[in-house]
Structures are given as structure tokens and as C-alpha cells.
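I opened the notebook to look up aromatic ring pairs and the nonpolar core. The entries follow.

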Amino acid sequence: MSETIIAPLPSGLLPDEASPEWLNKGDNAWQLTAAALVGLQSVPGLVILYGSMVKKKWAVNSAFMALYAFAAVLICWVTWAHQLSFGDKPMGIMGQPNLGAVTQKYLLEQLYDKTIPKADYVFYQFAFAAITVILLGGSLLGRMNFYAWMIFVPLWLTFSYTVGAYTIWDKGFLSKRIIDFSGGYVIHLSSGVAGFTAAYWVIFILLHFVHME
């Protein structure tokens, strides 16, 4: 009966500080690829779409609404919103905010019992948070002032999106009652309802001022 000979791994595939034993390079590569594909739907995808679907005088403003949302969500996400959505310390309907998502120690840790680092997951979830806000912005093209949009984006991300993400995708009371693998609730339903509501109130306020004049 022949003996099985196990050849040693090449030196480049051996675990080290940069590639710990729990890290699966295939999972890591696919997670980053999937996040990048979602990001490309936002920038340049929705930036081009929004700039081309409105009147010429609103084209630049509409495109920059999408571009600003993508950039603003990135800053908000890594500083506090990721911890509100997926934080380790629960605080009612969201996690406890802290700056953990920007520290090297946190980003290089293993994501629970998965085979990817937390840095991948932060980037992956950021891409979905960004496209949710940009989808919402499609309801406000030509309706909302850009300065108002600059204030609206971080506020809606903080007090609306993070609640949905935490309660459905993380440790919230809906996580065991709702299965949402494709973002039907957290992304599409929340952006649709918020966009419809925001568009209604913006038009209502504009008509109010028109009648006052």
C-alpha cells in the first residue's frame, strides 16, 4: 500500500503576519470584487445616469449630488456609521458609535468566524450604504438645493439607514424574523420610501412658498 506524500506549501503561501491562517485569499478577493462592482454602479454609473436624465441646466448639479453622496457616506461610514450598523456593543435599535472602524487593530481582525478581515466587510457594507443614499437622491433631482442635500446625506445615513442595517442585518430584533440577503428591505425599500417621502415634502414646501408670493 503506497504512502501519501504531502508536499510542503511554497514559501509565498505560508501563513505570516500579512496572511494569517484564518484568511482565505479567494474569499478575500471575491469580497473586494463584489464591493467594487457595487461601487461602480454608483460612481460612475449613477453619476452619469443622473447627469443625463435631467434638464441641461441641472445636469452638473444632479451628477454632483450622486458624487457627493458617495464621498460623504465614505467618511461617515468609517468614522461612526459602520459601528452604528454593525457595532459589537448594542444600543437599542443600533450599535454604539465609536471610531473603531478607522483603527488598524480593528480593520485587521478576523470577521467573527469568517475567512476575511473586518477591513473587507467595512468596505463591502460602505458600497451598499452609498448606493442606497444615491438611489434616494434620484427622487430629489431638480427638487432639492445642493446645500440642503449636503446636510441631508449624513443625517439620513445616521438616523435611518443604520437603524435598518442593524435591526435586519446585524443583532437587531428583526434579524431572526427577516431574511434579507439582497438588500430588499435595508436598501431598496428604505431608499424608495425615503425618496418618495422626501420628494413629497420638498414639493409641498416649494408650493407653499410659491403661494405665499
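I began with Tyr200, which is partly exposed at a relative accessible area of 48%; here buried means under 20%, exposed over 50% and partly exposed in between (1.4 Å probe, protein chains only). The model is predicted, so I took local features only at pLDDT of at least 70 and side-chain atom pairs at pLDDT 80 or more, while totals for chains, interfaces and linings use all residues. Residues are numbered from 1 along each chain as its sequence is written, and side-chain values use heavy atoms, without hydrogens and water.

Ring pairs. I paired rings of Phe, Tyr and Trp (its six-membered ring) with centres within 6.5 Å, calling planes under 30 degrees apart stacked, over 60 edge-to-face and the rest tilted. I noted 11 aromatic pairs by this rule. Trp149 and Phe152 are stacked because their ring centres are 5.8 Å apart and their planes at 20 degrees. I located both in helix α5 (residues 146-169), 3 residues apart, about one helical turn; helices are DSSP runs (H or I, at least four residues), numbered from the N terminus. Trp149 is buried, at 1% relative accessibility. Tyr200 and Trp201 are edge-to-face, since their centres are 5.4 Å apart and their planes at 80 degrees. Trp201 is partly exposed at 45%.

Core. I defined a nonpolar core as buried Ala, Val, Leu, Ile, Met, Phe, Trp, Tyr and Cys residues joined through side-chain atoms within 4.5 Å. The largest has 48 residues, and those touching the most other members include Trp149 and Leu140. I found α2 (59-86) among the contributing elements, and α2 gives the most, 12 residues.

Notes: Helices (H or I, at least four residues) and strands (E, at least two) are DSSP runs, numbered from the N terminus.
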